[in-house]
Amino acid sequence: MRTNVFNFIDFNRFNSLLEGFNKSTGFVTAILDLEGNIISKSGWRTVCTNFHRVNPESNKNCLISDTILANKMIEGEKYHLYQCHNGLVDVAVPIKIQNEHVANLFTGQFFLEEPNYAFFKEQAKKYGFEETSYIDAIKKVPIVNKNQIKEIMDFLLNLTDMIIDLTLDKMEKENSEILLKSSLESPTDIIILAIDQNYNYLYYNQTHKNVMKATYNADVAIGSNLMEAISSDIDKVNAKKNYDLALSGKAHRTLQEYGDKHISYYETSYSPIYDKERNIIGATAFSRDISDIMEEKERSEKYLRELIMAGKIFETSIENAPVPIMIHAENGEVLNISQAWTQLTGYQAIDIPTIYDWTEKAYGQNKEDVIKVISKLYSLTEMQHDGEFTVTTKEGKERIWDFYSMCIGNIPDGRAVVMSIAIDITLRKKAESELANQQDLMSYVIEHSNAGVAVHDRDLNYIYVSKKYLDQYEVHEDVIGKHHYAVFPDLPQKWRDVHRRTLEGETISGDRDLYERSDGTKLWTRWESRPWVNEKGEISGLIIYSEVINKEVEVEEQRIQLLIHDQLTGLYNRSHYESLVKILYRKENYPISLVNFDINGLILINEAFGHEKGNEFLCFVSKTLRDVFCEKCMIFRVGGDQFVVISMNSSKEKVTNYAKTVSEMVKVHSINGIQLSIAYGVATADDIDESIDQLFIRSENEMYSNKIFESQSYRNQSIQSLITAYHEKNPREEEHSQRVSELCEIFGKALNMDQDNINKLKAISYLHDIGKISIDEAILNKPGKLNDQEWAMIRKHPEMGARIISSSDEYKVIADDILSHHEHYDGHGYPRGLKGEDIPLRARMIAIIDSYDAMTQDRPYRKALSQKEAIEELYRCSGTQFDSGLVEVFVKKVIRFDDFNL
């Protein structure tokens, strides 16, 4: 690695920087490799060059100091100051490239304080130095303070960063050139070559090599001379003229014929090649055979010359010309157009009576520029190339035409007549655009490819590897020149076979293959192994493209999991059940037992405590099923509250015991004090005569029989549990319900109700606020005024209570009364805004009793009203909130406040 890196460092450039640094600061510098060899230096103190480094004994001190500083760098210091054994201070800065310590940059040979001259006089005696000249040299050594050291080190650290950046850029550029050279061979119809200033080949692609062989019977090679390969004297003159122009700095394009044995027309682009200092060092050529196009152009020009020589306009000849031709007079009148013109544009002569009609339709916004060109045509004395123009056809399509025009005479009225001939070059321009896009794409792919790329020679030694490739396989060493199997010694035989087949000429690829790193990490890869061919057409090695697609695989696996699993419980879903039933219907799986489970009262849990609690119970049931049933059993959630378990090679007795265990475990589980239950049905088939679908129906029927038997009593019991839980959470509400119940019985008798209605009224008194079970206690017991959001939650309790009550046959008869007990007689209540006697009678009664009891009891937000104050409020709201007739009965006959006068 180190030898390769040093080849990329521009030491001349850094020598000049270090020399400038020495001259401007007086500080000496040097770059040494890790073995102590001097790679670059600028300036030395005379005390070192004339004394310390000359004397063998004192020079040992210098080498010891260099070694210590280098070792300090290995320990990872950013930079290190050290006083050498000869008494001077040195500093070292590490140079690291791609995390590898390759060299050190030294500066120093200064003092941090006034030197001890006695020490140096003693040292002069020790090593035999002439004392006066030695002390003079010591006095020339600068004394540096901490701020100066910091400035020096900031500069040197920046310099090392620049060394690293430029070295990495140069390495990346050389590696990219390997891929670029391979990519330049891909176009089979484009000639690409580069020469130096002496016309010697720097590069050529296979297409150029083939053309030179076919045209001049010449075998070319890198370093050979282009001019010596051209056997035609005329071609040699033309080629030299064009390359000389490019070598002078002018990029240009030509259309010329070349060839000795076989002559062809070539359209060629010539450009100069510059070095870093913008000096021209050579030229490139991109060329394309356009013989077919030139033949068409020749036919057009020949046809035009023949018409001019004939001296008259042959109308029929114009019409039948194989190319688009227009004859137009000086005032713009179109005299004739060829059939080819009409075929390509869709316009007939009648559509474009004047040249200005044509420009309006064909050129649109650019018509003014075209008209300026046309206005100059009538004074032409010889044929003129008008240039390339984009024309729009009648159908709105764009075509590119290359125009030639000439004034061919005058008609009797004196007007000049011009013939304009067009050559349709649309296809050629498209091909040029595609070539340019190819080159842009090639450059983009090289610079921005997400795939890792490695190039091997025929012996499978690395000759190029991209950073992406090294990163994705966690290779942290320099692999250039190493054998592929040395870098990956555990490579499976599969990949060795791929390499062998590639070197035999096959291109092999894989869309999803697994590679496992040494640490166990799994990488899913998309890859391709293809041979790469040299200029002789021989397989010189192979190119491997590899892209890690772990995210794609993960997304696909997640998608598959979502397709077959229930998102809430993680169990298999209904869709997967239906697909597996067809697979499991096999003789070897029998006997098969199937269990259907259905949760009792899930709707009640959802209504009372919200779907979050319902989901919690569903997850509990799912876990219970997993814990009880064996691993070989398959468990499915086939509906909102329905589960199915399939157990292969299992008896009914065994599976029934599992089902009973699940049922018992569910019964001891509760949600907010509400006991839960689950119904089940088991069906077993001993042989394949009964399908799994039939098993499902049998077990489901048994499950529903059990559910019908116990579900109603469960609902009634659950509602009782709910009201008990509500009263435990709010003891004040139980006392309130008791008082309301007593008043209900008196009120019912006062209205001559039968005992059944009185009983319902008393039931309402206990259940009318059951919907509050789902409301936070902090809101129910809030001492202050409720905000809008809290009040909105309170207003929902009649609906919640009605839905809970409706789940029980015993209580659903009073559900409408509970839903309506906050409706107002004038229609301004909630939740439905009922008015007058549309409000159920029992709800109107409960509204009065509930409000009266609430007013006469202490609340967190106010003290209780007196009986008289409460009655005043009832009368005040009579006819608006309350039924006035019922208020009168309640006051006179229920609370018996006869002495009350409004």
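At the start of helix α34 in this predicted model, a side-chain oxygen of Asp883 comes to within 3.0 Å of the backbone nitrogen of Gly885. The helix itself covers residues 884–894, and the residues buried in α34 are Leu886, Val887, Val889, Phe890, Val891 and Val894. After α34 comes Arg896, a residue with a positive phi, near 55°.

Positive phi values also occur in two loops. Tyr199, which is not a glycine, has a positive phi of about 70°, and its place is the loop between β6 (191–196) and β7 (201–204). Glu474, likewise a residue other than glycine, has a positive phi near 55°, and this residue belongs to the loop that lies between α17 (467–472) and α18 (484–487).

Glu474 has a relative accessible area of 39%, which lies between the cut-offs of 20% and 50%, so Glu474 counts as partly exposed.

| Peptide bond | Form | Omega |
|---|---|---|
| Tyr590 to Pro591 | cis | near 0° |
| Tyr830 to Pro831 | cis | near 10° |

Where in the chain do Pro591 and Pro831 lie? Pro591 is found in the loop between helix α21 (574–584) and strand β21 (592–600), whereas Pro831 is found in the loop between helices α31 (815–820) and α32 (841–855).

Key. Residues are numbered from 1 along each chain as its sequence is written. This is a predicted model: local features need pLDDT of at least 70, side-chain atom pairs count only at pLDDT 80 or more; totals for chains, interfaces and linings use all residues. Side-chain values use heavy atoms; hydrogens and water are left out. Buried means under 20% relative accessible area, exposed over 50%, partly exposed in between (1.4 Å probe, protein chains only). Helices (H or I, at least four residues) and strands (E, at least two) are DSSP runs, numbered from the N terminus. A polar contact is a pair of N or O atoms within 3.5 Å; within protein, one must be able to donate a hydrogen and the other to accept it, and residues adjacent in sequence count only if both atoms are side-chain atoms.
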